[in-house]
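Trainee: I have a model open and would like to learn how to read its features. Can we go through it together?

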Amino acid sequence: MAIASADSAIKTSKVARTFIYLVLLLFALFYLLPFGIMLVNSLKPLEEITGGNMIALPQQWTIEPWLSAWSTAQIGVEPTGLRPYFINSIAMAVPAVAISTIAGALNGYVLTKWHFRGATWIFGLLLFSCFIPFQIVLIPMARILGILNISGTTYGLILVHVVYGIGFSTLYFRNYYAAFPTELVRAAQIDGAGFFQIFWRIMLPSSGPIIAVCCIWQFTNIWNDFLFGASFASGGAAPMTVALNNLVNSSTGVREYNVHFAGAIMAAAPTLLVYIVAGRYFVRGLMAGSVKG
Amino acid sequence: MAATDPMLGGADFRTRLQNWLPKIVLAPSFAVMVIFVYGFIAFTVYLSFTGSRMLPSFDLVGFQNYERLFRIREWDTAVTNLAIFASLYIIICTIIGLMLAILLDQKIRGEGLLRPIFLYPMALSFIVTGTAWKWFLDPAIGIENTMHLWGWASFEFNWIKDREMAIYTIVIAAVWQSSGFVMAMFLAGLRGIDNEILKAAQMDGASTFQMYRRIILPQLRPAFLSAFVILSHLAIKSYDLVIALTGGGPGNATALPATFMYSYTFTRNQMGIGASSAVIMLMTIAAIMVPYLYAELREKK
């Protein structure tokens with residue numbers, strides 16, 4: 001994003017500026033409060049939440065809810081805590097992100113530098129596939145996973161996320177490589193470089209930014225997915241989002257709000273971390289997701 | 001083009017292989033797409049014309065499922081809810097996003113701090129967002145209770161328990177999640193506007209308000225369009241947020257087509273009807289996406 005040039009044409013008065021800052025700060029509060037309240041309440045004993053004020057700081061700080069959410073809370077029928085599901089999500093997201101990114105890079109390279117008849121059609125079909133409501137594929141997908149004997153497993157979820165991630169990863173690399181000088185590819189070709197040599201030696205070394213964008217986007221989507229996780233991997237192979245929902249919605253007896261809050265933050269932590277570390281790329285990735293070249 | 005470059009002609013095996021390589025590399029993705037996207041769509045469309053219940057069956061029953069679908073009260077609720085949710089979600093997100101972008105564009109000190117604060121909810125899953133808002137909206141421990149403890153005894157905010165109002169709580173949480181992202185899109189659009197035009201207008205005596213109305217907003221048309229397309233697409237697909245926030249309740253007061261499809265297909269054993277509801281969802285999204293993608297692709301040529 002460009003920085004506003006020093007002499008902008010828009011001028012604002014002092015009163016107006018005070019008002020602007022006030023509105024912006026109010027909205028900052030609106031966005032921050034929910035997460036702040038979650039954090040504060042995850043560090044309180046339960047009695048302080050049920051009997052007290054949600055916004056107040058803990059009178060007695062405790063990390064007990066965090067320990068409980070991580071390793072002893074009841075998820076469904078087992079008192080395992082969220083830990084195994086957190087591991088499931090990592091085991092699902094890492095390979096799925098890697099495979100879909102590699103496929104996207106190769107597809108983008110072919111679609112832009114080795115143009116052939118029908119390539120635009122293929123790209124159009126891939127593009128549309130990014131935007132289908134996944135409800136339309138749930139039933140046949142469940143059948144196929146059953147036939148392949150990987151329903152209810154992490155492998156099944158990896159397959160699902162790779163399949164429906166390729167559209168977006170191809171979109172990113174296609175748009176990025178479209179701006180890459182084709183003359184360089186041609187020159188290398190005349191020098192006798194082959195298809196993969198050009199990819200390794202010329203395309204990949206300059207693909208750092210788009211690889212980052214693609215990985216962030218795919219990781220966020222895959223980590224945050226709930227529909228596929230709930231449909232195809234409930235039980236022991238469930239991802240973090242499904243486990244969190246089970247923790248919060250199917251717990252019987254006393255509602256342990258503080259444990260729920262701690263669990264929610266755990267489920268949010270990886271994508272938040274990625275966002276904090278690479279937020280700039282994240283925004284750029286989201287913008288590219290809006291089908292802008 | 002390059003693949004059939006005459007300079008590289010020659011019929012030896014290596015060259016021919018090189019010519020075929022790009023297509024071979026693309027082939028697995030193409031096959032996956034044809035089967036898992038378009039093949040699956042065809043399968044679901046076919047199922048929507050069959051009498052499938054718990055398991056898929058292949059006996060065609062014509063438009064029966066669609067006729068029954070539109071007679072089901074819950075589907076009616078789901079469609080009405082989607083209309084309410086989608087229109088409010090799109091309108092409010094656009095207004096807040098545009099307003100924040102315009103305000104942030106006034107050379108604000110601390111923009112680098114504010115922007116990520118507005119945006120971070122986008123990194124959270126709808127399950128986390130729904131889980132968090134479920135508590136704030138819960139009268140027993142949330143905002144209502146807090147106000148009572150602060151001495152405002154008559155304060156009432158129990159929408160989430162109210163059949164009539166529950167759908168609006170979904171809008172609140174969804175707006176919290178997505179409005180920052182819309183802000184980012186508008187901000188990028190604003191930063192792309194040529195300052196020289198604005199200066200010229202200013203010299204002609206245009207006020208700030210006039211400049212926004214006559215010059216800046218019209219130039220933001222692509223950003224408006226992208227925001228609309230993305231938000232409507234998100235709204236139609238909404239599933240996680242409802243599940244985490246209200247579970248579709250109270251009763252089925254917050255059911256959406258996405259939750260309807262899931263429950264009819266997988267818990268009520270009415271797969272034919274579930275499939276037909278999925279087809280309707282697909283057609284709704286296609287009506288928005290196809291013209292948009294067509295225009296985008298043609299522009300790029």
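Trainee: Among contacts in chain B between residues at least 6 apart in sequence, what percentage join residues at least 24 apart?

Mentor: A contact means heavy atoms within 4.5 Å. In chain B, 68% of those contacts join residues at least 24 apart. Some ground rules: this is a predicted model, where local features need pLDDT of at least 70, side-chain atom pairs count only at pLDDT 80 or more, and totals for chains, interfaces and linings use all residues. Residues are numbered from 1 along each chain as its sequence is written, chains are lettered from A and ligands numbered from 1 in the order in which they are written, and side-chain values use heavy atoms, with hydrogens and water left out.

Trainee: How many helices and strands does chain B have?

Mentor: Helices (H or I, at least four residues) and strands (E, at least two) are DSSP runs, numbered from the N terminus. Chain B has 13 helices and zero strands.

Trainee: Which parts of chain B does UniProt list as "transmembrane region"?

Mentor: UniProt positions are given in the numbering used here, feature names are shortened, and annotations may be inferred rather than shown by experiment. The unreviewed entry lists residues 24-49, 82-105, 117-137, 165-190 and 271-295 of chain B. Take two of them: residues 82-105 of chain B are 96% helix, with end C-alpha atoms 33 Å apart, while residues 117-137 of chain B are 71% helix, with ends 22 Å apart.

Trainee: What radius of gyration does chain B have, next to a compact globule of 301 residues?

Mentor: The radius is taken over C-alpha atoms, and the globule rule is 2.2 Å times the number of residues to the power 0.38. That rule puts a compact globule near 19 Å, but chain B has 25 Å. Its C-alpha trace spans about 85 × 65 × 30 Å along the principal axes.

Trainee: What share of chain B counts as buried?

Mentor: Buried means under 20% relative accessible area, exposed over 50%, partly exposed in between (1.4 Å probe, protein chains only). In chain B, 55% of the 301 residues are buried.

Trainee: And why is helix α5 of chain A largely enclosed by the rest of the structure?

Mentor: Because eight of its eleven residues (119-129 of chain A) are buried. Among them are A:Ile122, A:Phe123, A:Leu126 and A:Phe128.

Trainee: Over residues 19-40 of chain A, how much is helix?

Mentor: The chain is 100% helix there, and the end C-alpha atoms are 30 Å apart. UniProt's unreviewed entry includes this stretch of chain A under "transmembrane region".
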